[in-house]
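The following account is intended for a reader who meets this structure for the first time.

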Amino acid sequence: MKCPYCQKEMTAGFIKSSHHMAWDQKRESGFFLEGIRLTKNSIENVFKGNAVSSHYCSNCRKIIVSLEENGI
Ligand SMILES: [Zn+2]
């Protein structure tokens, strides 16, 4: 994937977390995640952790997540 900012080739990888991840307009979150979930609730993720495939540009230091690629 080419970076939309500088047109250089991006590196494929994962954003990882031991917790579920979501995108929202506001920073605060309660017990339940609001907004767009980036990871699925599954027993497998409890043991393996959560990961969202993405592309990273080291030149611009930006990360792009495609929800379609992640089945979200
Ligand atoms: Zn770039």
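The paragraphs below proceed from the overall chain to its sheet, and then to its surface.

The model shown here is a predicted one. The protein chain contains one helix and five strands. Read from the N terminus, these elements follow the order β-β-β-α-β-β.

Of its 72 residues, 18% count as buried. When contacts between residues at least 6 apart in sequence are considered, 49% of them join residues at least 24 apart. The protein chain exposes about 5,900 Å², and carbon and sulfur atoms supply 54% of that area.

The sheet may be considered next. Three strands make up an open sheet in the order β1-β4-β5, and their pairing is antiparallel. Its edge strands are β1, covering residues 11-17, and β5, covering residues 62-64; each of these pairs on one side only. From one strand to the next, the twist averages 45°.

Within this sheet, β1 and β4 run antiparallel and are joined by seven bridges. Strand β4 comprises residues 50-57.

On its other pairing, β4 meets β5 in the antiparallel sense over three bridges. Here Y56 stands opposite I63 in β5. The two strands β4 and β5 form a hairpin, with four residues between them. In the turn of this hairpin, R61 has a positive phi of about 55°.

Attention may now turn to charged side chains. In general, side chains of opposite charge can pair when their charged atoms come close. How many salt bridges does a search of the whole structure find? The search finds two.

One of them links E9 with K2, and the closest N and O atoms of this pair lie 3.4 Å apart. K2 is exposed, because its relative accessible area of 53% is over the 50% cut-off. E9, by contrast, counts as partly exposed, at 49% relative accessibility.

A salt bridge also joins the side chains of K26 and E34, with an N to O distance of 2.9 Å. K26 is partly exposed, its relative accessible area being 43%. E34 is likewise partly exposed, with a relative accessible area of 44%.

The surface also carries a nonpolar patch, formed by W23, I36, L67 and I72. Together these residues have about 360 Å² of accessible area. One of them, I36, is found in strand β3, which covers residues 36-37. With a relative accessible area of 38%, I36 is partly exposed.

Terms used:
Residues numbered from 1 in each chain as written. Predicted model: local features only at pLDDT ≥ 70, side-chain atom pairs only at ≥ 80, totals over all residues. Heavy atoms only, no water. Pairing = 2+ DSSP bridges. Axes fitted to C-alpha atoms, helices over the stretch in contact; angles between N-to-C directions. Salt bridge = Lys/Arg side-chain N within 4 Å of Asp/Glu carboxyl O. Buried < 20%, exposed > 50% of the residue type's maximum accessible area, 1.4 Å probe, protein only. Patch = residues over 30% accessible without salt bridge, like charges linked within 9 Å, V, L, I, M, F, W, Y side chains within 5 Å. Areas by Shrake-Rupley, 256 points an atom, 1.4 Å probe, with all protein chains shown as cover. Contact = heavy atoms within 4.5 Å.
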